[in-house]
Amino acid sequence: MSKLILLNKPFGVLSQFTGGKDGVDDTLAHLVDVPDVYPAGRLDKDSEGLLLLTDDGRLQARIAEPRYRVEKTYLAQVEGEPDEAALAALRSGVMLKDGMTKPAKVERIDPPILWDRDPPIRVRKNVPDSWISLTISEGRNRQVRRMTAAAGLPTLRLVRWSVREWTVEGLAPGEWRELQV
């Protein structure tokens, strides 16, 4: 049996166990004290939510490698109000510096009930914000942020909600749950 850990990675934490500039508190080392597990994929320091860790190299590859097209769903708080043209652009794929993205599943959603972020996002009184759910099966560097920006909707807060059937539901920031797979 392989270990699979579902971690709610807090904002400001690197998706690695060593090498943070600010010491152990900005890496996974202070959150998960389980030997021989490694991240299956990455989540930017300024993104939050589900990060999967495993001790199984094959499972890690099946989750992280783009050729397997694993679906990941993100909840994104964006600047502005998404109109149908912006949503249609995301649904058909947008051009980024490293090429066209694959089509995403995207919809506008009500503000989700989430934990508070520390620090909170910047709020601009004259610019509205809204939430979208975006599902992709690629894994380019900072892809969701670049996609929303290309569609005219800069991301203010980004939470990875799920990877395949696994979700962050019920986990507070820094909490984790272990599964046997």
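Which residue in strand 9 does Gln77 stand opposite? The residue is Arg157. The structure here is a predicted model, so a few ground rules apply: local features need pLDDT of at least 70, side-chain atom pairs count only at pLDDT 80 or more, and totals for chains, interfaces and linings use all residues. Residues are numbered from 1 along each chain as its sequence is written, and side-chain values use heavy atoms, with hydrogens and water left out.

Gln77 is a handy way into strand 4 (72-79). Strands here are DSSP runs of E with at least two residues, helices are runs of H or I with at least four residues, and both are numbered from the N terminus. On its other flank there is strand 8 (residues 129-136), joined to strand 4 by eight bridges and running antiparallel to it; in that strand, the bridge partner of Gln77 is Trp131. Strand 9 (155-163) is also antiparallel to strand 4, with seven bridges joining the two. Two strands are said to pair if DSSP finds at least two bridges between them.

Strand 4 is mostly covered, with eight of its eight residues buried. Buried means under 20% relative accessible area, exposed means over 50%, and partly exposed lies in between (1.4 Å probe, protein chains only). One side of the strand carries Lys72, Tyr74, Ala76 and Val78, while the other carries Thr73, Leu75, Gln77 and Glu79.

Next comes helix 1 (residues 57-64), whose buried residues are Leu59, Ala61 and Ile63. Strand 4 is part of what covers them, and the cover also includes strand 1 (3-9), strand 3 (48-54), strand 9 and strand 10 (166-167). At the start of the helix, a side-chain oxygen of Asp56 comes to within 2.9 Å of the backbone nitrogen of Arg58.

Asp56 also meets Thr54: the side chain of Thr54 reaches the backbone nitrogen of Asp56 at 3.1 Å. Such a polar contact is a pair of N or O atoms within 3.5 Å; within protein, one must be able to donate a hydrogen and the other to accept it, and residues adjacent in sequence count only if both atoms are side-chain atoms. Thr54 is found in strand 3 and is buried, at a relative accessible area of 1%. Leaving aside residues up to four places away in sequence, Thr54 touches several residues, among them Lys3, Tyr38, Leu59 and Gln60, where contact means heavy atoms within 4.5 Å.
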